[in-house]
Every structure is written in structure tokens, then in C-alpha cells.
Amino acid sequence: MQGFTTIDLIILIAYLGAVLFAGLHFSKKEMKGKEYFRGDGSIPWWVTSVSIFATLLSPISFLSLAGNSYAGTWIMWFAQLGMLIAIPFTIKYFLPIYSKLDIDTAYQYLEIRYQSKGLRVLGAIMFIIYQIGRMSIIMYLPCMVLSELMGISVDLLIIIMGVIAIIYSYTGGLKSVLWTDFIQGSVLLIGVTFGLIYLVSNIDGGLGAINYELFTNNKFLAVDQPIFDPNILKDSVFLLIVGAGINTIGSYVSSQDIVQRFTTTNDSKQLRKMMITNGCLSLFIATVFYLIGTGLYVFYQSQGNPLPPSAQQDQIFASWIAYELPVGVTGILLAAIYAASQSTLSTGLNSVASSWALDIQSTFNKKDMTFEKQTKIGQRVSLVVGIFAIVVSILLAHGGVKSAYEWFNGFMGLVLGILVGIFILGAFTKVANKFGASLAFIVASCVMVYIKYFVDPAKVSFWSYSMISIAVSLVVGLIGSVIYNKVKKVKFTPPANSTVYKEV
């Protein structure tokens, strides 16, 4: 057990320098306005696809997926199969709408469909607040783990990660973010796949030993984990697939950090390839992580190899990397964990900047803003939000505001997830109007807050939340819109190309 060595540190520093160089290289061309927020049209679809993959795979997932299968079963792996629902749904219904409307942000759709600047600003504000909180947690958690393994100050790790992400987000806009995401996503894919191959080669019996644990000793699914439960609100494989699928639809449809990637092209074929490739990468890497987790269980628990220090569930993979891999390879794999954090962070900075400048600042400005002004606002927002996230992350690392902050971020995440209901209401109904959408959001928010904080989790699974909130939004939104139209004696007609229905 050699742990983290000087050679590994040199490799990690070289990797961070290479990422910074790449970000600055792709920011050579001065970008203004839409180019800063949407790219300059030169970004290949496969780069954007890997960027979406890297954005959705946060470092929290990186550390927890292997930990889940190490300590338990593969039940949570089935959540990844929700992609099989989310991707075809998004390709068929929402990508054509967004492409025809040529939207700049996710929340611009709400303004166009409901003719309401208020709904656009509401969506943007909620996304920004949640994303800032998420960025802080994403820096804090992996840096805490890496700090223990490397013996480096957690504050220093947080500051370095934040500063590098701020530099290339500030200077190059979305183009720099996408290319650096591509590099970091590729490092992650290659590094983790190598980790699995190395682990299997060091297990007596190799894949056969892993398969034995999976299918003979119930490490794939436990006997009390049903494929289907007649009470669809309780945990089952079926609910995980459907619930995770709807959650992923929410990210694809209503989260600016993902929708922003769709705005890089209006070519429907490229958008389809982008989505399908992202789905394949996500399913592949999730399967690799779960195989690693089960492999680590065989390596440590079944075959009795000594556990490394700090071998808690979510740290087991990172600990194995530090203490079992050859010198040098350890540095590359730990760089992959750092890469996952940095990728999500840079994406968050750029998406918050675009949403603030285009959804909020432009809405309240009496005069049309020039591209130069939009870009300057976006850069300032990237800088300020980045510094704020670094400060909060350091506070979290020292335990000052952890419980209250995580509760608030969880609450904002719950309410932000409800937004997808009014996107689906707008796309799939012609009668829905501003009043109905606003009422739907308020009622769905109240219902979901009640369920989350006042209903026994054993009775209503977290994975059913998205289904409930969308159902409430559709019912309340339709009824509210119909009543409003009758009382006001108006006939609301949605703008062209803002629904899934073909124009007559």
C-alpha cells in the first residue's frame, strides 16, 4: 500500500495545467453575445455529447456508484435504464420544439409558450440558486475525499479547482467549457475503464468471481427488492426505471446546463446523435462503476485482502485507487475524480452566467443589450458566482453551515424539479395559459413539499416524486386554464411551434 506519491502529485499537476492550457487555447477567438453563451458553430456534436455526459456524471456519482454496489446490490443501476425512456422522449418531442424556436435558454421557452416574462424569470432564478448550491457541494465533497488520500489541504484543492474553472469559463465561454469537458470526460472514461480491467486482473477468478457474487450470492438484486410492486409509489425496479427516466427528462428539458448544449446546433440529425451517444456513454460508465463496486467487494470481503485506510462506502473506490494501483496510474485516476468535479463546476458557471444575462438582465433592461454588454455581464457573473461557490465550499469543508446548507439545496432541487411539469403542460396541451401554468407550479410545489417533509418515505418513494409532480401539474394546469378562459371569455392560442402538435 504505497498511497499517493510524489510522482502521482506531478501527474495531477500536469493534468490540471493541460486542462487550463486547453481551455485558454479554445478561448483565443474573442466571443461576444450568443457566441459566448452558445458557441461559434464550430463545435462537433461528439464533443457536445461527451460534455453532456460529463455534466450529468457529477463527482458525487463517481464516488457513490461504486460504493452502492460494494455495500449493497445493483438496484440503483436500474435507474440508468431510465435513459431508454428519457432520450427517445426528448428527441421526439422537445428537441424539435427547441430547434424551431431557436431558443437561447431553457426558460425562454416558458416566455414564448405562455407569453410570460414572469415564468421565464422564475425558472431562471430557481435554477441559478440551486446551481450555485450544487457547485459548492460538488467542490466540497470530492476535495474532502482527495484531501485525506493525498495529504493536501482541502482548502487548497477547492481553490485550485475553482480558479481553473473560473479562468476558462470567463475567458472562452461555452466553447472552452465544452472542449475541456470533452477532455475531462475522455480522461474519466479511459481511466475508470482501465481501473476495472486492472481490478479484474487482480481478483482470483476474474469476472467469474464477480458473476458468482452477482447471481449466486444476490449481489445483483436482493430477495426483498421486487421487479414490480402493485403499489407503484413504493421502491421496485420498475419504479426506478420510470422515475429516473422522468427525472432525466426533467434535466434534458428544463435544466439550463443541459439545454444550453442543445443550442449549439439546430441540425436535428446532430442533436439525435448527440443524445444517443450521451445515453450510451452514461449506461456504459454506470455499468463499469457497478462492476468495480462488486469487484471491490470480492477483492476485500470475499478474498480477504486488507482494507485500505478511510475505507468507508463512498470512499472505497478512491481508497483502492490510492493504495492498490501502480504509481503514476493512481495520479491519473485521482485526476479523473478531480476532472468530474471541474467539468460540472465549469458547466455550472457558464450556464448560470447565460441564464442571468439572457433570462434576467435582458428581461429587466428597458433597452436591448448589445452582444458586448451581454458578454461582459456573463463574465462578471461567472467570476462572482465562482468566488462565492469557492467560499461556501470552504465553509462546508470546515462544517460551519453543512446541515442547513444541504437542507436548503435539497429543498431548491425539489422545487426546481417541479418546473418540468409546466414544460410538459405547455408542450402537450394547447389550452394551457399563463394562469394555469402558474397555478400548476404553486399547487405542485405545495403537494411535493408536503410529501417530502410530512409523509413517511416508506410509503412514497423518492423515485415517484417526478411522476406525482407532473400529474398534479397537468391536472391543475388544465383545469385552471379552462376555468380562466371561460371566466375571462378568451380563447388562448399557443404561439407557432411551441407545442408538439403540427401547425394547420
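I take helices (H or I, at least four residues) and strands (E, at least two) as DSSP runs, numbered from the N terminus. On that basis I count 18 helices and zero strands in the chain.

I note that this is a predicted model, where local features need pLDDT of at least 70, side-chain atom pairs count only at pLDDT 80 or more, and totals for chains, interfaces and linings use all residues. Residues are numbered from 1 along each chain as its sequence is written, and side-chain values use heavy atoms, with hydrogens and water left out.

Overall form. I looked up the box filled by the C-alpha atoms, and it is roughly 75 × 55 × 45 Å along the principal axes.

A contact is heavy atoms within 4.5 Å. Of the contacts between residues at least 6 apart in sequence, 83% join residues at least 24 apart.

Ser-116. I located Ser-116 in the loop between α6 (106-114) and α7 (117-150). Is Ser-116 buried or exposed? Ser-116 is buried, at a relative accessible area of 6%. Its side chain reaches the backbone nitrogen of Leu-119 at 3.1 Å. Leaving out residues up to four places away in sequence, I see Ser-116 touch Leu-110, Glu-111 and Lys-434.

Conventions. Buried means under 20% relative accessible area, exposed over 50%, partly exposed in between (1.4 Å probe, protein chains only). A polar contact is a pair of N or O atoms within 3.5 Å; within protein, one must be able to donate a hydrogen and the other to accept it, and residues adjacent in sequence count only if both atoms are side-chain atoms.
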